[in-house]
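Have the sequence and the 3D view open as you read.

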Amino acid sequence: MTTTHLIPTPEELERQLVRFVNGTMLGGLANVGPDTRLFEDGYMNSLRILDLIAAVEKLLGTRIPDRAVRLANFRTIATIVN
């Protein structure tokens with residue numbers, strides 16, 4: 001039996017990541033938006049980024065190549081979606 005993974009639209013991916021970061025990662029204690037600077041504003045660190053990468057991979061149904069794991073690609077949720 002083959003399962004197909006539906007890739008979310010950019011808008012849905014953004015909503016899901018905002019929900020994940022605010023609810024799961026930050027326990028509802030923050031209101032991170034699509035353009036919030038995750039590292040510079042102190043919401044993300046070297047351990048949390050691993051959870052965020054895993055969430056992105058799960059949502060997209062694919063592995064993020066190591067070469068794409070750069071601060072510039074994870075600066076904001078909007079950056080991740082793009």
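A polar atom of the Thr-76 side chain lies 3.4 Å from the backbone nitrogen of Ala-78. That's a polar contact (a pair of N or O atoms within 3.5 Å, where, within protein, one must be able to donate a hydrogen and the other to accept it, and residues adjacent in sequence count only if both atoms are side-chain atoms). Keep in mind that this is a predicted model, where local features need pLDDT of at least 70, side-chain atom pairs count only at pLDDT 80 or more, and totals for chains, interfaces and linings use all residues. Residues are numbered from 1 along each chain as its sequence is written, and side-chain values use heavy atoms, with hydrogens and water left out.

Thr-76 sits in the loop between α2 and α3; helices here are DSSP runs (H or I, at least four residues), numbered from the N terminus. Is Thr-76 buried or exposed? It counts as buried, because its relative accessibility is 10%, and buried means under 20% relative accessible area, using a 1.4 Å probe and protein chains only.

Pro-8, in the segment before α1, is also buried, at 17% relative accessible area.

Residues up to four places away in sequence aren't counted.

| Residue | Touches |
|---|---|
| Thr-76 | Pro-34, Asp-35, Thr-36, Arg-37, Leu-38 |
| Ile-77 | Glu-14, Leu-17, Val-18, Val-21, Val-32, Gly-33, Pro-34, Leu-38 |
| Pro-8 | Leu-13, Gln-16, Leu-59, Leu-60 |

Of the 13 residues that line the largest pocket, Val-56, Leu-60, Ile-80, Val-81 and Asn-82 are the closest to its centre. A pocket is an open set of points on a 1 Å grid where a 1.4 Å probe fits, with protein on both sides within 12 Å along at least five of seven lines, and lining residues have an atom within 4 Å of a point. Which helix gives the most to the lining of the largest pocket? That's α3, with three residues.

Conventions:
Helix = DSSP H or I, 4+ residues; strand = E, 2+ residues; numbered from the N terminus. Buried < 20%, exposed > 50% of the residue type's maximum accessible area, 1.4 Å probe, protein only. Contact = heavy atoms within 4.5 Å.
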